[in-house]
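Here is a short briefing on one protein model and its ligands. Look at the sequence and structure, then read on.

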Amino acid sequence: MNYKEIKEILSLEKTTDIEKLFNQAYTVKKEYVGLKVHMRGIIEFSNICDKNCYYCGIRKDNKNVKRFFMTKKEILNATKWIYEKGFGSIVLQSGERTNKEFIKFVDDLIKEIKKLSNDKLGITLSLGEQTKDTYKKWFDLGAHRYLLRIETSNPELYEKLHPSSHKFAERVKCLEYLREIGYQVGTGVMIGLPYQTIDDLANDVLFFKKMDIDMIGMGPYVTHKDTPLYNVVKIFDKEKQLLLALKMIAATRIVLKDINIASTTAIEALQEGGRKGGLKAGANIIMPIVTPENYRRYYNLYENKPGIDMDEEKTFNEIKNDVKEIGEEICLNKWGDSPHYFKRIKK
Ligand code: 5AD
Ligand code: SF4
């Protein structure tokens, strides 16, 4: 699909047309990645962040947040739960920090997770922009996937959403470093951002293609009252946001085909059972939050984050039901790598 065709898809309004689009994406998903859902348990181990993205509830300057940093023991406990449940992979996420102590903490964590799981648990990191050396060190220690959203592929829009110290070019460079080092590289955008147009979103899909990305995690932008961007949106139309996010998943599946795409938490935040919609529009990955309950409520990137009061056992049961309901299967005890990655490295 070219730019014009992607734009047309994203602009579809009639229910029958949209259903047709989702069916088409589903056919592509079935053919290229199969009807298996892979699980990644995500541990959001700290909400301390050195950055100030205008959309994010845990931005550095938000003084209304209680900051936390989980201990290694707490993280390893959550990891153990993930491992014992048979999730093939873990995602470690936190606010962005680049000081030596933080990097060393992550070094040790990777080593201990490897040990705890006899090398079996796949490790994905989502820890923002780091130096190439740091990325390389974490890779050598055993992390093999990295998620770093570009947030928007439009540099001018990026500038509107971030303070001037946050550089679009730097973010792109980080994605390149990750690929050079050998990671499976994931990126993504927020959908329905203030000032964002359909043209921007169509370009986002082409950006994923151009960057030869292996994994996508993207979801709707959701407001947070303690952020500078909050007042820009006068009416927050949940349904519209959700539909646009699902259309983006479908378009990305049709264009990129053999990559992993997550049905993200932000989709579930807009509608209970939303993750099912994500799977039906072409996603094949679910990332349940396994952050302990006493911390989870403080990792609020946006409002109404789901599962704040639900324990991980219950969330997992819900997911199992959702997956069964749509006639798919959860794939356990496997890394569930992006098939695209293997084709890419062969080339
Ligand atoms: N709405 C939706 N997603 C958000 N993120 C941060 N703030 C918001 C928000 N208000 C996303 C960003 C970031 C990821 C960790 O969370 O895309 O990369
Ligand atoms: Fe920090 Fe990430 Fe939030 Fe930006 S989006 S303020 S880097 S946690």
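A residue is near a molecule if one of its heavy atoms lies within 4 Å of it. This is a predicted model, in which local features need pLDDT of at least 70, side-chain atom pairs count only at pLDDT 80 or more, and totals for chains, interfaces and linings use all residues. Residues are numbered from 1 along each chain as its sequence is written, chains are lettered from A and ligands numbered from 1 in the order in which they are written, and side-chain values use heavy atoms, with hydrogens and water left out.

**Ligand 1**
- A nitrogen atom of ligand 1 lies 3.0 Å from a backbone N or O atom of Tyr 55.
- A nitrogen atom of ligand 1 lies 2.7 Å from a backbone N or O atom of Val 222.
- The side chain of Arg 149 has an N or O atom 2.8 Å from an oxygen atom of ligand 1. Polar contacts are pairs of N or O atoms within 3.5 Å.

**Ligand 2**
- Cys 49, Lys 51, Cys 53, Tyr 55, Cys 56, Ile 58 and Arg 59 surround ligand 2.
- This shell has 5 nonpolar, no polar and 2 charged residues.

**Aromatic pairs**
- The whole structure has 13 aromatic pairs. Rings of Phe, Tyr and Trp (its six-membered ring) pair if their centres lie within 6.5 Å.
- Tyr 135 and Tyr 146 form an edge-to-face pair, 4.9 Å centre to centre, with 75 degrees between the planes. Planes over 60 degrees apart count as edge-to-face.

Definitions and conventions: Polar contact = N/O pair within 3.5 Å; in protein donor to acceptor, adjacent residues only side chain to side chain. Phe/Tyr/Trp six-rings, centres within 6.5 Å; stacked < 30°, edge-to-face > 60°. Nonpolar A, V, L, I, M, F, W, Y, C, P; charged D, E, K, R; others polar.
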